[in-house]
Amino acid sequence: MVLDNLSYIGIGIFDAIAVIVFSLKLYMLPVAERWNRLIGFGILIAVISFFMRVIFNLPKLDLPLQYILFILFFRYGLGIKIHLSAFILGAGISAYAIIQVGVYYLYNFLGIMQTGVLQQNTTLQVYILQVTYITLCFAVSFILKIYNAGFSFIVAPPHDNRRESYFSKDNRSVAVSALLSSVTICVAEVLLYQLNPFVLLLMSASSFGISYFLSRKEDQEDARKALEAHRNRNKKS
């Protein structure tokens with residue numbers, strides 16, 4: 001029992017760090033200089049998740065609570081504006097869920113694990129599933145870093161504390177996408193415990209698809225503005 005609990009917390013730490021790193025690398029944001037905070041937050045999230053799932057037996061509330069804590073960490077630990085934090089994490093967690101469910105379906109196809117594993121916390125099959133998708137997410141994050149890939153319209157933190165309207169012309173699409181991602185994240189555990197991973201896969205893919213489209217659009221708009229500014233400077237000179 002003690003070994004199972006320690007294993008759950010240990011894997012949970014890497015799981016939380018993988019979510020953060022993966023989400024940040026999708027938007028080409030720095031990670032290296034904040035490793036101490038990432039590790040500390042990963043430990044906090046893992047312990048809270050252990051209490052929610054194992055001690056209090058409230059697994060359906062675990063992911064929504066984690067999502068809120070992730071947003072607060074991005075805002076106050078990393079200095080990213082709150083609506084951008086929700087947007088980045090919405091895209092990152094949705095993509096993370098696609099990888100999770102994809103790995104599950106692969107193992108299910110190979111006959112390694114059955115649907116019931118989605119309702120378990122501390123079995124060997126759960127650990128195999130977790131270690132696989134955590135490793136994949138770190139690998140994808142590394143590839144994004146090596147090839148300097150990802151979306152670039154979000155400036156590196158810390159951001160200023162100036163108040164903004166979340167539904168202004170510049171922020172409206174980001175806020176709506178973050179809201180849709182939040183809904184997906186909040187119902188994710190319910191779908192898993194009702195043994196509906198395919199519905200979760202569809203919702204996560206739709207949520208990430210919207211985030212991807214809006215991120216591409218924002219990148220293109222930034223490129224257009226940069227080109228326009230360059231042309232204006234040339235005209236003045």
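This is a working chat about the predicted model shown above.

Colleague: Quick start. How many helices and strands are there in the protein?

Modeller: Seven helices and zero strands. Keep in mind that this is a predicted model. Read along the sequence, the pattern is α-α-α-α-α-α-α.

Colleague: And how much of the protein is buried?

Modeller: Buried residues make up 45% of the 237 residues.

Colleague: What about contacts in the protein between residues 24 or more positions apart?

Modeller: Take the contacts with a separation of 6 or more. Residues 24 or more positions apart account for 74% of those.

Colleague: Let's do helix pairs. At what angle do α1 and α5 pack?

Modeller: About 25°, with their axes 9 Å apart. Angles under 35 degrees count as roughly parallel, so α1 and α5 are roughly parallel to each other.

Colleague: Which hand is the crossing of α1 and α5, left or right?

Modeller: The crossing is left-handed.

Colleague: Is Phe138 buried or partly exposed?

Modeller: Partly exposed, because its relative accessible area is 27%. Buried would need a value under 20%.

Colleague: How far apart are Phe138 and Lys25?

Modeller: In sequence, 113 residues. In space, C-alpha to C-alpha, 9.9 Å.

Colleague: Next pair. At what angle do α4 and α5 pack?

Modeller: About 130°, and their axes are 9 Å apart. That makes α4 oblique to α5. The crossing of α4 and α5 is right-handed.

Colleague: Which residues make the contact of α4 and α5?

Modeller: On the α4 side, Tyr96, Ile99, Gln100, Val103, Tyr104 and Tyr107. On the α5 side, the residues include Ile128, Leu129, Thr132, Tyr133 and Leu136.

Colleague: Why might residues three or four places apart point the same way?

Modeller: An α-helix has 3.6 residues a turn, so residues at that spacing point the same way.

Colleague: Stay on α4. How many residues does it have, and what span does it reach?

Modeller: It has 28 residues, numbers 82-109. From its first C-alpha to its last it reaches 40 Å, close to the 40 Å expected at 1.5 Å a residue.

Colleague: How many residues of α4 are buried?

Modeller: 20 of its 28 residues, which leaves α4 mostly covered.

Colleague: What follows α4?

Modeller: Gly111, with a positive phi near 80°.

Colleague: Which residues other than glycine have a positive phi?

Modeller: Met28 is one, with phi near 50°. Asn57 is another, with phi near 55°. Most residues other than glycine have a negative phi.

Colleague: Where is Met28?

Modeller: In the loop between α1 and α2. Met28 counts as partly exposed because its relative accessibility is 30%.

Colleague: And where is Asn57?

Modeller: In the loop between α2 and α3. Asn57 counts as exposed because its relative accessibility is 58%.

Colleague: Which peptide bond is cis?

Modeller: The one from Pro157 to Pro158, with omega near 5°. Pro158 is in the loop between α5 and α6. Most peptide bonds are trans.

Colleague: Charges now. How many salt bridges does the structure hold?

Modeller: One. The side chains of Asp62 and Arg53 meet in it, at 2.7 Å from N to O. Side chains of opposite charge can pair when their charged atoms come close.

Colleague: Is Asp62 buried or exposed?

Modeller: Buried, because its relative accessible area is 1%. Arg53 is buried too, because its relative accessible area is 14%.

Colleague: Last one. Where is Thr184, and what is it in contact with?

Modeller: Thr184 is in helix α6, residues 172-193. Beyond its neighbours within four places in sequence, Thr184 is in contact with Met203, Ser204 and Ser207. Thr184 counts as buried because its relative accessibility is 7%.

Methods
Residues are numbered from 1 along each chain as its sequence is written. This is a predicted model: local features need pLDDT of at least 70, side-chain atom pairs count only at pLDDT 80 or more; totals for chains, interfaces and linings use all residues. Side-chain values use heavy atoms; hydrogens and water are left out. Helices (H or I, at least four residues) and strands (E, at least two) are DSSP runs, numbered from the N terminus. Buried means under 20% relative accessible area, exposed over 50%, partly exposed in between (1.4 Å probe, protein chains only). Contact means heavy atoms within 4.5 Å. The expected span of a helix is 1.5 Å times one less than its number of residues. A salt bridge is a side-chain nitrogen of Lys or Arg within 4 Å of a carboxyl oxygen of Asp or Glu. Axes are lines fitted to C-alpha atoms, for helices over the stretch in contact, and angles run from 0 to 180 degrees between N-to-C directions. Angles under 35 degrees count as roughly parallel, over 145 as roughly antiparallel, 65 to 115 as roughly perpendicular and the rest as oblique. A crossing is left-handed if the near helix is turned anticlockwise from the far one by less than a right angle, and right-handed if clockwise.
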